[in-house]
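Here is a friendly walk through a protein model, one piece at a time. Keep the 3D view open and turn it as you read.

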Amino acid sequence: MRPMTRLITGLGLHSAALIAFQLSLMQLISIVQWHHFAYMIISIAMLGFGASGTLLALSRERLLSASGWLVPLLMTASGFFMIFAFRITRLELFQFDVYLLFVERAQFPVLAANYLIYFIPFFTGALAIGILFIKHAGQIGTYYFSNLLGSGIGGLIVLFLFGNIYPQQVPPLIGLLSVTAGILSSGRRHILPNISLGAVSVLVAIYLIAQPGRIETSQYKGISQAMNLPGAEVIYSKPDIHGLIEVVSSPALRFAPALSLSFTGEVPVKKNIFVNGDFFGVVPEYKTGQKAHILDYTTQVFPWEIGKPGKVLMIDAGEGATLAQAMSRRPKHVDAIIDNGGVVEMMQTVFAEHSGGLYLHDSLDIHVVEARNFLASASDKEYDMIVLPQQESFGGSAGINALQENYSMTLESFSLMWDLLGPEGIITVSTWTDYPPRTSLKILATLTETARNKGIGSPVQHLAAVKSWGNITFMLKKQPFSLEAVEKIRHLCEELYFDPLLLPGVTLEERQRYHMSDDAEFFSIVDRIVEGDKKVIEDYSFMISPATDNKPYFSQFLRLGNIRELSGIYTTDQIPFLELGYLIVVVTLIQGTILAFIFIILPLLRLRKSHRGKGGTLLYFGALGIGYMFVEIILIQRFVLYFGHPVYALSAVISTMLIASGAGSLCSGRLPAIARFPAGIGLIITLMLLFYTFFLTPVLQSTISSPLTVKVMLSLLLIGVPSFFKGFMFPLGIRYLSSYDASQTPWAWGINGSLSVISTSLAMLIAVETGFMTVMTVAVVCYGIASTVFAFRKNFFRI
């Protein structure tokens, strides 16, 4: 094999390893902590790329002269660090807990140490790629193609591994790809160090794969709390593409979800299901012909008592208890939507006998798909009841789900549910109570606006809600509640010691008969929301306006502008525990920005004072760094709805974007490095993204029920075409810059990486505050700037 061919092949393998390592760390950290730290990993990866550009700018000639032996060694070293980086962070010395970040200042140095440990493999790996790009700037199209193609394939590889081996076994296996790349890229004169380091890497990887151990999670995660109970043990564990599935058994794991004080039976022991360390549900024990279910002593019994539903739709029915309760009511048919196929398979096989064959019931159809995907394609169906899963968690979730997209709880979702209801149909959703009230008020605002959007002038006649000491169940009926139904709710409240929160003609005395509220304004706010008072929603300290597809963050309640007001009500240490998830991303953005400034911007500003045309370089490559990441985030968000599976959407978008961009990069080598080409192609991308801003969603919505083959082909077209053209921009810019001022090319590499460091967290914060439309608009502006830089190059590059 020719040296150049070995280099290009090694670059592809190494690039595949880097993206796969990034994705595997995102999965592992979501298990250990929560998914918010995915943004930290992406920022660290981009920081490694940016900092490598800084070093290249400072020591360009020295690094290029040593590239023959240095590039392979950097690839091998990167793989070596990938193999055990995660294991190092699980040592007691380096373990941090997100819940303690805002109350124990000692956690910040530990977090910084984690940053450094994860930074090293990305930095060494990116430096190898950067040296190749700078040294072979004339053939950048070919090398950039190998980089992007490898990255796209790496995304597919890691998805395959997630479904077949444990998450902690993935990094050691992935690291061997970079080790192989380093050895393959080595010349005969310098191969010995790489073989030696490679041999050590293989031995370490084999040991870590053979002895994976169990991942120790945060003490505040559900599975950690369950494992602290007497006799607790993991009786089932299986890796799945949707996450690590574990079942915990303990004689102390009793299931008593806000039970009525009238309950006198024995509280049952249940096996708990966890996915990535988070509580998913219980393993139900269904018995054919059973007359009562444990949930019949909670507020969740009310929808079943006021009607006799024949056809039922259960949204996100992974909670086996609610499914067992539904089947105990003997409906004619139940459609259950469960997006985690691994849990369904487990319940239909391993725990089929234990659960009484519940998931194999003749009257039950399970749909392994996202709820919104099912709702959009079920227009020919009609249901008597639609049941949504219980929101929040006992004692509150501290806002840990703030940035979790929840398309089942948006206005558009409830509109689709309403359209599927029969004449006497009912939508019901329950929530654990939280203080200060947020989730309950947001649910009520969503149901009320749904009713008004469907032409209901007086929603109060169509709404009912019942509260206990621990949860609230809401009901929205297509027809007004009859007097008989109202009296039945009142009678059942007295029988179970519950209070009606919403009911036609309800009095304040009824609302606090059994369970007093500490919040004197709560009932007033509830009434004003039902009456359609928008001001009460706007003036509330937390964000309780309904979630939409443009802002699908149902559990996001924090208003950044209200932090000062909240600090006057709650202590500084309390606020993070109200909305921890959102604040984590804010902290990640601040940390990433500071690090990018220190490691990238400051050295480069000092170094480049004498160079001409810095403005054009900064604007062009900075715009590309932000624009590309923003578009990627938007496309992932849109295609989650389209495919019905977040994992499939992630793999489809990332892999298609990278491979298509790689093809564009390869083709860019056929174009001369003159200004009109990046200017013209940048304009094409800008116009395409502008079209996507307004028409992508309608196109996807109109074809969401199409056959999978049609959806895949359309997705390849919609994602691939703009990505193909985006693949031209970076190599054309590098080639132009190398002919204009070759010493600026490392700076361009660093700028592109530094802006990418903050773009992921920044895009998420923009999406939460103003919606995804704004994120796409920023991407349009970025590519417009990149096009303008070359269209008016004399104003940006001093010639």
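## A pair of strands and its neighbour

Ser 237 stands opposite Glu 246, a residue of strand S2. Strand S1 (residues 233–238) pairs with S2 in the antiparallel sense, over 5 bridges. Here helices (H or I, at least four residues) and strands (E, at least two) are DSSP runs, numbered from the N terminus, and two strands pair if DSSP finds at least two bridges between them. The model is predicted: local features need pLDDT of at least 70 and side-chain atom pairs count only at pLDDT 80 or more, while totals for chains, interfaces and linings use all residues. Residues are numbered from 1 along each chain as its sequence is written, and side-chain values use heavy atoms, with hydrogens and water left out.

The hairpin of S1 and S2 has 6 residues between the strands, and Gly 243 in this hairpin takes a positive phi near 140 degrees. S2 also has a partner in strand S3 (residues 271–275): 4 bridges join the two, which run antiparallel. In S3, Asn 272 is the bridge partner of Val 248.

## Is S2 covered or open?

How many of the residues of S2 (residues 245–249) are buried? The count is 5 of 5, and the strand is mostly covered. Buried means under 20% relative accessible area, exposed over 50%, and partly exposed in between (1.4 Å probe, protein chains only). Ile 245, Val 247 and Ser 249 point one way from S2, Glu 246 and Val 248 point the other way, and all are buried.

## An enclosed helix

Now find helix H11 (residues 320–328). In this helix, 9 of the 9 residues are buried, so H11 is largely enclosed by the rest of the structure. Among the buried residues are Leu 323, Gln 325 and Met 327. The buried residues of H11 pack against several elements, including helix H10 (302–305), strand S5 (311–314) and strand S7 (364–367); contact means heavy atoms within 4.5 Å.

Most residues other than glycine have a negative phi, and most peptide bonds are trans. Some places in this model differ. Asn 276 is not a glycine, yet has a positive phi of about 55 degrees. Asn 276 is found in the loop between S3 and S4, and is buried, with a relative accessible area of 9%.

Arg 330 is not a glycine either and has a positive phi of about 55 degrees. Is Arg 330 buried or exposed? Arg 330 is exposed, with a relative accessible area of 52%, and lies in the loop between H11 and S6. The peptide bond from Tyr 435 to Pro 436 is cis, with omega near -5 degrees. Pro 436 has its place in the loop between strand S9 (421–432) and helix H15 (439–453).

## The whole chain

Zoom out, and the secondary structure of the protein chain comes to 29 helices and 12 strands. The radius of gyration of the chain (taken over C-alpha atoms) is 28 Å, close to the 28 Å that the globule rule gives for 799 residues, so the chain is as compact as a globular protein of that length. The globule rule is 2.2 Å times the number of residues to the power 0.38. Along its principal axes, the C-alpha trace spans about 85 × 55 × 55 Å.

Of the 799 residues of the chain, 61% count as buried. Among contacts between residues at least 6 apart in sequence, 77% join residues at least 24 apart.
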